[in-house]
Amino acid sequence: MTRSIATRTGDDGTTSLLYGQRVGKTHPQIEAVGACDDLNVALGAARLALAPGPRGDALRALITTLQSNLVALMGEIACAETDRARYESSAFTKLTAADVAVLDHELAALEARGLKFDGWATPGANASALAFDQARVVARRAERRLHTLHA
(Lines give C-alpha, C1' and ligand atoms only; values in the text may rest on other atoms or scores of the structure.)
Protein backbone atom coordinates (compact mmCIF):
# COMPACT_ATOMS: atom_id res chain seq x y z
CA MET A 1 0.00 0.00 0.00
CA THR A 2 1.34 3.45 -0.87
CA ARG A 3 1.45 6.29 1.61
CA SER A 4 -0.86 9.23 1.06
CA ILE A 5 0.53 12.72 0.74
CA ALA A 6 -2.30 13.76 3.08
CA THR A 7 -0.86 12.56 6.39
CA ARG A 8 -3.11 14.76 8.56
CA THR A 9 -0.12 15.24 10.93
CA GLY A 10 -0.09 18.96 10.14
CA ASP A 11 -3.73 19.63 10.86
CA ASP A 12 -2.66 21.34 14.08
CA GLY A 13 -0.69 23.94 12.10
CA THR A 14 2.71 22.28 12.47
CA THR A 15 5.06 20.43 10.17
CA SER A 16 8.33 18.53 10.55
CA LEU A 17 11.86 19.69 9.98
CA LEU A 18 14.35 17.22 8.51
CA TYR A 19 14.73 14.97 11.54
CA GLY A 20 11.19 15.25 12.87
CA GLN A 21 11.25 18.35 15.08
CA ARG A 22 7.80 19.97 14.85
CA VAL A 23 7.51 23.66 14.04
CA GLY A 24 4.72 25.94 12.91
CA LYS A 25 3.92 25.93 9.21
CA THR A 26 4.87 29.61 9.08
CA HIS A 27 8.22 29.04 10.82
CA PRO A 28 11.00 30.92 8.96
CA GLN A 29 12.74 27.65 8.00
CA ILE A 30 9.55 26.28 6.48
CA GLU A 31 8.93 29.57 4.65
CA ALA A 32 12.49 29.46 3.25
CA VAL A 33 12.20 25.82 2.17
CA GLY A 34 8.85 26.59 0.55
CA ALA A 35 10.30 29.54 -1.35
CA CYS A 36 13.18 27.39 -2.59
CA ASP A 37 10.70 24.70 -3.61
CA ASP A 38 8.74 27.35 -5.53
CA LEU A 39 11.97 28.34 -7.26
CA ASN A 40 12.72 24.72 -8.13
CA VAL A 41 9.32 24.44 -9.85
CA ALA A 42 9.75 27.80 -11.63
CA LEU A 43 13.16 26.69 -12.90
CA GLY A 44 11.59 23.47 -14.14
CA ALA A 45 9.03 25.50 -16.10
CA ALA A 46 11.81 27.68 -17.53
CA ARG A 47 13.79 24.58 -18.49
CA LEU A 48 10.79 23.20 -20.39
CA ALA A 49 10.29 26.52 -22.19
CA LEU A 50 13.78 26.46 -23.76
CA ALA A 51 14.05 25.99 -27.50
CA PRO A 52 15.66 22.79 -28.79
CA GLY A 53 19.26 22.92 -29.91
CA PRO A 54 22.76 23.16 -28.45
CA ARG A 55 22.21 26.44 -26.58
CA GLY A 56 18.93 25.19 -25.11
CA ASP A 57 20.56 21.87 -24.19
CA ALA A 58 23.36 23.69 -22.37
CA LEU A 59 20.90 25.86 -20.46
CA ARG A 60 18.76 22.84 -19.61
CA ALA A 61 21.83 21.13 -18.13
CA LEU A 62 22.67 24.25 -16.13
CA ILE A 63 19.13 24.55 -14.82
CA THR A 64 19.12 20.87 -13.85
CA THR A 65 22.31 21.54 -11.88
CA LEU A 66 20.65 24.54 -10.23
CA GLN A 67 17.68 22.40 -9.29
CA SER A 68 19.95 19.76 -7.73
CA ASN A 69 21.71 22.49 -5.79
CA LEU A 70 18.37 23.81 -4.57
CA VAL A 71 17.37 20.38 -3.28
CA ALA A 72 20.64 20.18 -1.35
CA LEU A 73 20.07 23.68 0.03
CA MET A 74 16.53 22.81 1.08
CA GLY A 75 17.86 19.88 3.09
CA GLU A 76 20.26 22.15 4.92
CA ILE A 77 17.59 24.77 5.56
CA ALA A 78 15.14 22.15 6.86
CA CYS A 79 17.54 20.98 9.55
CA ALA A 80 17.07 22.21 13.12
CA GLU A 81 20.17 23.78 14.62
CA THR A 82 20.18 21.06 17.29
CA ASP A 83 20.49 18.44 14.52
CA ARG A 84 23.28 20.20 12.60
CA ALA A 85 26.01 17.69 13.54
CA ARG A 86 23.75 14.79 12.54
CA TYR A 87 23.07 16.46 9.21
CA GLU A 88 26.75 17.19 8.56
CA SER A 89 27.65 13.52 9.09
CA SER A 90 24.71 12.25 7.01
CA ALA A 91 24.77 11.02 3.42
CA PHE A 92 22.57 13.93 2.30
CA THR A 93 24.05 15.85 -0.62
CA LYS A 94 25.47 19.15 0.60
CA LEU A 95 25.92 22.37 -1.32
CA THR A 96 29.63 23.15 -1.58
CA ALA A 97 31.82 26.14 -2.38
CA ALA A 98 32.65 24.38 -5.66
CA ASP A 99 28.93 24.32 -6.55
CA VAL A 100 28.73 28.07 -5.96
CA ALA A 101 31.91 28.61 -8.01
CA VAL A 102 30.32 26.74 -10.95
CA LEU A 103 27.28 28.99 -10.74
CA ASP A 104 29.47 32.11 -10.61
CA HIS A 105 31.37 30.87 -13.67
CA GLU A 106 28.18 30.12 -15.60
CA LEU A 107 26.72 33.52 -14.72
CA ALA A 108 29.88 35.26 -15.95
CA ALA A 109 29.72 33.24 -19.19
CA LEU A 110 26.07 34.21 -19.75
CA GLU A 111 26.82 37.87 -19.08
CA ALA A 112 29.84 37.75 -21.43
CA ARG A 113 27.49 36.85 -24.28
CA GLY A 114 26.13 40.38 -24.08
CA LEU A 115 22.75 39.70 -22.52
CA LYS A 116 20.48 42.73 -22.70
CA PHE A 117 18.18 43.61 -19.86
CA ASP A 118 16.03 46.13 -21.73
CA GLY A 119 12.38 45.66 -20.87
CA TRP A 120 12.92 43.16 -18.06
CA ALA A 121 10.38 45.03 -15.96
CA THR A 122 7.68 44.24 -18.54
CA PRO A 123 7.58 40.44 -18.67
CA GLY A 124 6.01 38.48 -21.48
CA ALA A 125 8.14 39.09 -24.56
CA ASN A 126 7.65 35.38 -25.31
CA ALA A 127 6.80 32.19 -23.43
CA SER A 128 10.42 31.34 -22.68
CA ALA A 129 11.22 34.84 -21.42
CA LEU A 130 8.09 34.80 -19.24
CA ALA A 131 9.13 31.49 -17.67
CA PHE A 132 12.52 32.96 -16.80
CA ASP A 133 10.91 36.15 -15.47
CA GLN A 134 8.74 34.03 -13.20
CA ALA A 135 11.81 32.14 -11.99
CA ARG A 136 13.59 35.46 -11.37
CA VAL A 137 10.86 36.84 -9.11
CA VAL A 138 10.57 33.54 -7.25
CA ALA A 139 14.36 33.55 -6.76
CA ARG A 140 14.13 37.01 -5.23
CA ARG A 141 11.40 35.85 -2.87
CA ALA A 142 13.52 32.85 -1.87
CA GLU A 143 16.44 35.20 -1.23
CA ARG A 144 14.27 37.32 1.09
CA ARG A 145 13.15 34.21 2.99
CA LEU A 146 16.74 33.01 3.33
CA HIS A 147 17.76 36.42 4.64
CA THR A 148 15.16 36.20 7.40
CA LEU A 149 16.85 33.00 8.59
CA HIS A 150 20.18 34.81 8.82
CA ALA A 151 18.58 37.70 10.69
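# Chatting through a predicted model

Visitor: Which side chains does the 3.0 Å polar contact join?
Guide: Those of Thr14 and Arg22. A polar contact here is a pair of N or O atoms within 3.5 Å; within protein, one must be able to donate a hydrogen and the other to accept it, and residues adjacent in sequence count only if both atoms are side-chain atoms. Before going on: this is a predicted model, where local features need pLDDT of at least 70 and side-chain atom pairs count only at pLDDT 80 or more, while totals for chains, interfaces and linings use all residues. Residues are numbered from 1 along each chain as its sequence is written, and side-chain values use heavy atoms, with hydrogens and water left out.

Visitor: What else does the Thr14 side chain make a polar contact with?
Guide: The side chain of Asp12, at 2.6 Å.

Visitor: And where does Thr14 lie?
Guide: In strand β1, residues 14-16. Helices (H or I, at least four residues) and strands (E, at least two) are DSSP runs, numbered from the N terminus.

Visitor: Is Thr14 buried or exposed?
Guide: Buried, with a relative accessible area of 18%. Buried means under 20% relative accessible area, exposed over 50%, partly exposed in between (1.4 Å probe, protein chains only).

Visitor: OK, switching to the largest nonpolar core. Which residues touch the most other members?
Guide: Val33, Cys36, Leu39, Leu43, Leu70 and Ile77, out of 18 residues in that core. The term covers buried Ala, Val, Leu, Ile, Met, Phe, Trp, Tyr and Cys residues joined through side-chain atoms within 4.5 Å.

Visitor: Which elements give two or more residues to this core?
Guide: α1 (28-49), α2 (54-77) and α5 (127-150). The largest share, seven residues, comes from α1.

Visitor: What is Leu43 in contact with, leaving aside its neighbours within four places in sequence?
Guide: Ile63, Leu66, Gln67, Leu70 and Ala135, where contact means heavy atoms within 4.5 Å.

Visitor: How many aromatic pairs does the structure hold?
Guide: Two. Rings of Phe, Tyr and Trp (its six-membered ring) pair if their centres lie within 6.5 Å; planes under 30 degrees apart count as stacked, over 60 as edge-to-face and the rest as tilted. Tyr19 and Phe92 are edge-to-face, because their planes are at 70 degrees, with centres 6.4 Å apart. The two residues are 73 residues apart, with Tyr19 in the loop between β1 and β2 (22-24) and Phe92 in the loop between α3 (84-88) and α4 (97-112).

Visitor: Why is the pair of Tyr87 and Phe92 stacked?
Guide: Their planes are at 20 degrees and their centres 6.0 Å apart, so stacked is the label. Tyr19, Tyr87 and Phe92 form one aromatic cluster.
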